[in-house]
Amino acid sequence: MEKHTVTVKGTVIGAGTPKICIPVAGRTEQEILFQAGEAVSAAPDLVEWRVDFWPEILNLKAAAGMLGKLSGILGEIPLLFTFRSRGEGGEREISPEDYEELNLWAAGRPEIDLVDVEVLNPAWKERKIAGAVRAAGKPVVGSRHYFDRTPEAAELSEIFAELASSGADILKLAVMPERPEDVLRLMECTLREHRRREQPLVTMSMGALGAVSRVSGSLTGSAVTFGTAGHASAPGQLPAAELREMLELLKVF
């Protein structure tokens, strides 16, 4: 089976050492631009703009202006655009219509390199947003998040099958562990699915208990890990500098 990679601004996702992505999750323009500067100083492979933290994001004129300022700070660092809905651990509610409009708008923006789409979210699963975003020319990170549990092995396999069938270019799954066995189950599933799927995978077991999953991508096949440059957008994220050191130490292929 041929393994696919996704290349954005020279960064190859799905080959080599796992890539480090730093989220920007400011609630004001000042916070967003400050966090973007901090992120750049940490030299990540990618930056994620978590737009659900910004109250003005549905004002597309204001959003376009913010993107211009962000792009000026990030330069050649690829930008991942993410609206994380409250149902998947995000900061706010959004209607299916607004979610679709926002992501299709993002797909047409030159400052954005990838778009995260919650392809299995029941509220808009049937809207096929991932395909529309891809048709607009942007790679899709098809994501699913479980902040309350880690599914059992059979369900994890079903989730990956659904993610793969969504048409996403990168398959992302985040879960919350309650015991060490949950972390190991996700890591084992990641390795198994990495061997059978064409698309790059991104997985993480959240919280302090799951921290090992964020540095084991070289072993399991998880292609991206999320780190911090002063501000975390999800529980268990580690500072980017520490991530980079550990990824190098644990590199096995």
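**Rings, charges and pockets**

Guide: F81 counts as buried, at 0% relative accessibility. Keep in mind that this is a predicted model.

Visitor: Why is F81 called buried?
Guide: Buried means under 20% relative accessible area. F81 has 0%, so F81 is buried. W49 also has a relative accessible area of 0%, and therefore W49 is buried.

Visitor: What makes W49 and F81 an aromatic pair, and of which kind?
Guide: Ring centres must lie within 6.5 Å, and planes over 60 degrees apart count as edge-to-face. Here the centres are 6.2 Å apart and the planes stand at 90 degrees, so the pair is edge-to-face by that rule. W49 lies in strand β4 and F81 in strand β5, 32 residues apart, so the pair links distant parts of the chain. Ring pairs also join W49 and F81 with W54 and W105 in a cluster, and the count of aromatic pairs comes to 5.

Visitor: How do you know that the charged end of R144 sits over the ring of Y146?
Guide: The distance limit is 6 Å from the ring centre, with an angle limit of 35 degrees from the ring normal. The charged end of R144 is 5.0 Å from the centre of the Y146 ring and sits over that ring. K172 is placed over the ring of F226, at 4.6 Å from its centre.

Visitor: Which residues lie nearest the centre of the largest pocket?
Guide: V119, K125, E126, K128 and S166, out of 14 lining residues. The pocket holds about 230 Å³ of space. Helix α4 gives the most to its lining, with 3 residues.

Note on methods. Residues are numbered from 1 along each chain as its sequence is written. This is a predicted model: local features need pLDDT of at least 70, side-chain atom pairs count only at pLDDT 80 or more; totals for chains, interfaces and linings use all residues. Side-chain values use heavy atoms; hydrogens and water are left out. Rings of Phe, Tyr and Trp (its six-membered ring) pair if their centres lie within 6.5 Å; planes under 30 degrees apart count as stacked, over 60 as edge-to-face and the rest as tilted. Helices (H or I, at least four residues) and strands (E, at least two) are DSSP runs, numbered from the N terminus. Buried means under 20% relative accessible area, exposed over 50%, partly exposed in between (1.4 Å probe, protein chains only). On a 1 Å grid over the protein atoms alone, a cavity is a set of points where a 1.4 Å probe fits but cannot get out, and a pocket is an open set with protein on both sides within 12 Å along at least five of seven lines; lining residues have an atom within 4 Å of a point. Grid points are joined across faces, edges and corners, and a volume is the space filled by probe spheres set on the points.
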